[in-house]
Amino acid sequence: MPEGIFCNKTPINTEEQLKATLGDKGGKQYYEEMNHLDVDTDKLWSTIQKTMKSRTKTWLDICAHCGLCAESCFLYQVNGRVPEQVPSYKIQSTLGVMVKKKGKVDNAFMQMCMETAWSKCTCCNRCGMYCPHGIDVGVMFSYLRGLLYSQGFVPWELKIGSGMHRVYRAQMDVTTEDWVETCEWMAEENEEDWPGLEIPVDKVGADIMYTCNAREPKHYPEDIAEAAILFHVAGENWTVPSEGWEQTSLSMFAGDWECCKDNVLNVYSALERLKPKRAIGTECGHAHRATVIEGPYWAGRPDGQPPVPYIHYVEWLAEALRSGKLKIDPSKRIKELVTLQDSCNYVRNQGLKDVTREILSYIVEPGYFVEMSPNKEHNYCCGGGGGFNGIGLYRAQRNVALRKKMEQILDTGAKLVIAPCHNCWDAIRDLEEEYKIGIRWSFLKPLIIKMLDVPEHLRPTEE
Amino acid sequence: MYDFLTGPMLWATFIVSFGGLLVRTVMYVKGLNWQLDRVAYRPNMKYGIRGGVRSILAFIIPFKARLWQTRPGFTLLFFAFHIGLLVTPVFLEAHNVMFRNAFGFSLPALPTGVADGLAWVCLVGGLFLLLRRIAFPEVRILTTFYDYLLLVISVMPFITGLIARYEMGNYDFWLAAHIASGEIWLLALPFTKLSHVVLFFMSRMQLGMDYGIKRGGMKGTDMAW
Ligand code: SF4
Ligand code: SF4
Ligand code: SF4
């Protein structure tokens with residue numbers, strides 16, 4: 001069977017293709033075409049031979065089939081502990097079989113793999129901490145997603161997502177003009193309350209280059225304004241690039257390896273162009289993982305680091321509070337039970353567990369912060385990670401996945417959840433929408449702004 | 001028969017087994033790829049080694065890793081089984097006699113009572129590992145014939161050894177069976193999943209390096225395994 005019009009092995013590279021695929025509402029035709037899509041078994045096997053190195057090979061080989069990873073997976077827990085949700089089973093029955101059969105698999109098998117890879121694993125890497133052999137099933141699922149993507153077996157939304165990155169270099173259709181305009185608009189909008197507020201674009205040699213998640217200019221531009229306000233109050237010399245401002249990578253979750261590289265190089269070239277002392281990314285775990293943790297490897301940087309020190313927003317915030325650049329008015333501290341969502345993508349994947357707690361020590365009245373259990377690197381995924389949030393086809397499964405976070409939050413008794421990660425934030429919002437447990441959720445920026453002790457000279461002059 | 005099994009066959013077994021394991025170790029390291037694995041091994045070797053050692057220690061010390069704490073029953077069985085499996089053959093008096101004859105040196109030997117005890121612990125541990133494969137759905141779904149076969153290959157030397165030791169039945173036969181099954185076990189090491197005797201360390205080391213380098217170590221926070 002030939003490839004479909006929408007569902008095929010070719011990535012979306014033009015705006016035209018992108019709009020056409022978007023026009024196929026809910027991917028109806030896309031999924032219909034997928035039923036007839038051929039598997040290029042020779043190419044699949046040669047890709048495996050070229051890219052599957054000793055780590056993955058050994059993991060598949062020596063898995064002791066002991067089942068110890070079962071309980072570590074939140075999807076196993078919330079799905080009635082059915083054995084089909086055991087991490088080892090999920091990967092052995094997909095990638096394991098694909099390798100055993102030397103790539104000779106059919107359409108039905110690939111569709112089963114797709115369902116498993118995107119609806120039964122969020123690549124949260126938690127199981128990797130619990131396997132005695134050090135087998136990280138999340139890592140292997142990321143790999144499997146790449147193989148599936150290259151054969152066209154990828155959920156419609158993620159095909160579009162990586163297409164967006166290819167066409168606009170942003171996960172949404174935000175162009176350079178849109179972005180720069182949004183920055184100007186936000187600066188004007190808030191000038192009155194924050195005299196002297198600026199969002200400097202393309203300033204060379206600033207101390208900080210700030211980058212964000214395309215959802216911000218698209219859907220919550222106030223987030224950019226909030227970042228600007230905090231940098232302003234802290235007296236930072238900062239800038240945003242006109243190109244290379246978007247640090248997320250849906251292509252990472254789609255398995256579009258080529259696109260991952262292209263996007264991160266775009267951000268790095270902004271760093272080379274503007275030569276800031278360091279870069280700071282927004283409150284987004286997935287963006288941080290893409291640009292700072294995985295990105296250097298896609299870009300082929302042998303030291304595994306971005307071209308300049310690149311930190312997550314929580315690291316900057318903790319530093320600004322610690323050094324007194326930002327001061328909190330003690331009377332405005334949070335005086336209600338509050339809990340914290342540890343994002344897998346920068347906690348389990350980069351160890352940023354203590355800085356967030358340090359921030360809370362400044363903004364929460366002692367005694368009001370309740371930890372989730374488990375927490376830090378043992379925390380569970382919010383339920384919407386790895387692209388799960390955005391895939392309509394698996395909405396029902398995603399809603400079940402949210403239950404673990406719901407239980408964890410309910411157990412704390414807190415009504416306010418701080419989620420310094422876009423994706424976790426979205427998942428917790430959806431969780432409230434779905435289960436109505438009466439909670440509120442917030443990024444750090446708006447909370448901090450409300451509590452700031454603003455120095456006299458930065459306040460608006462009274463009329 | 002005895003002479004053959006303890007003579008040329010033993011030598012061949014040692015060479016194939018240890019040589020094979022060495023090959024697997026070397027191949028593992030050679031097959032690592034910093035860019036595909038997303039770990040900058042070389043430039044951050046110090047962080048890597050530190051993370052790797054932490055990772056190995058967490059899992060070879062009973063009850064150290066969170067996993068071992070969450071499953072005390074399994075942990076006991078698991079360590080009993082593995083300690084019995086590894087310690088008994090090396091420090092057994094009878095094996096040491098053989099060693100002395102062959103190489104002219106020997107290791108300190110365990111008192112017979114302790115050695116017997118360890119062998120039994122290993123057998124019972126093995127039995128429970130087998131039962132749990134049947135009893136728990138999350139393990140049953142993963143288990144294949146191959147897993148049972150490997151378990152049998154691993155405990156066979158102990159079963160035959162104990163029979164010979166208590167002189168049940170024909171001693172010479174059971175002794176030969178014991179030696180043969182021990183050699184089968186050794187030969188299986190490099191070619192089967194039993195290669196985890198060395199690959200466990202490699203895989204643990206690798207993931208530990210990953211955590212030590214990019215997943216926290218360089219941020220000054222050690223991951224709590
Ligand atoms: S815990 Fe590790 S070795 Fe055991 S079944 Fe799971 S992946 Fe395999
Ligand atoms: S990575 Fe997370 S979601 Fe995937 S199998 Fe492991 S624990 Fe489950
Ligand atoms: S959405 Fe949040 S909790 Fe879920 S995998 Fe991503 S970072 Fe982790």
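Modeller: A salt bridge is taken here as a side-chain nitrogen of Lys or Arg within 4 Å of a carboxyl oxygen of Asp or Glu. The model is predicted, so local features need pLDDT of at least 70 and side-chain atom pairs count only at pLDDT 80 or more, whereas totals for chains, interfaces and linings use all residues. Residues are numbered from 1 along each chain as its sequence is written, and side-chain values use heavy atoms, with hydrogens and water left out.

Biologist: Why is the meeting of Asp61(A) and Arg24(B) called a salt bridge?

Modeller: The N to O distance between the side chains of Asp61(A) and Arg24(B) is 3.3 Å, and the rule asks for a nitrogen of Lys or Arg within 4 Å of a carboxyl oxygen of Asp or Glu, so the pair qualifies. Across the interface of chain A and chain B, the rule finds six salt bridges.

Biologist: What makes a residue part of the contact, and how many does each chain give?

Modeller: Contact means heavy atoms within 4.5 Å, and by that criterion chain A gives 56 residues and chain B gives 53 residues.

Biologist: What is the area buried between chain A and chain B?

Modeller: About 4,500 Å² is buried, with carbon and sulfur atoms giving 58%; buried area is the accessible area (1.4 Å probe) that two parts lose on being put together, summed over both. In chain A, Arg55(A), His65(A) and Tyr297(A) lose the most area to chain B, together 17% of what that side buries.

Biologist: Which residues surround ligand 3?

Modeller: Among them are Cys344(A), Cys381(A), Cys421(A) and Asn423(A), a residue being counted if one of its heavy atoms lies within 4 Å.

Methods
Chains are lettered from A and ligands numbered from 1 in the order in which they are written.
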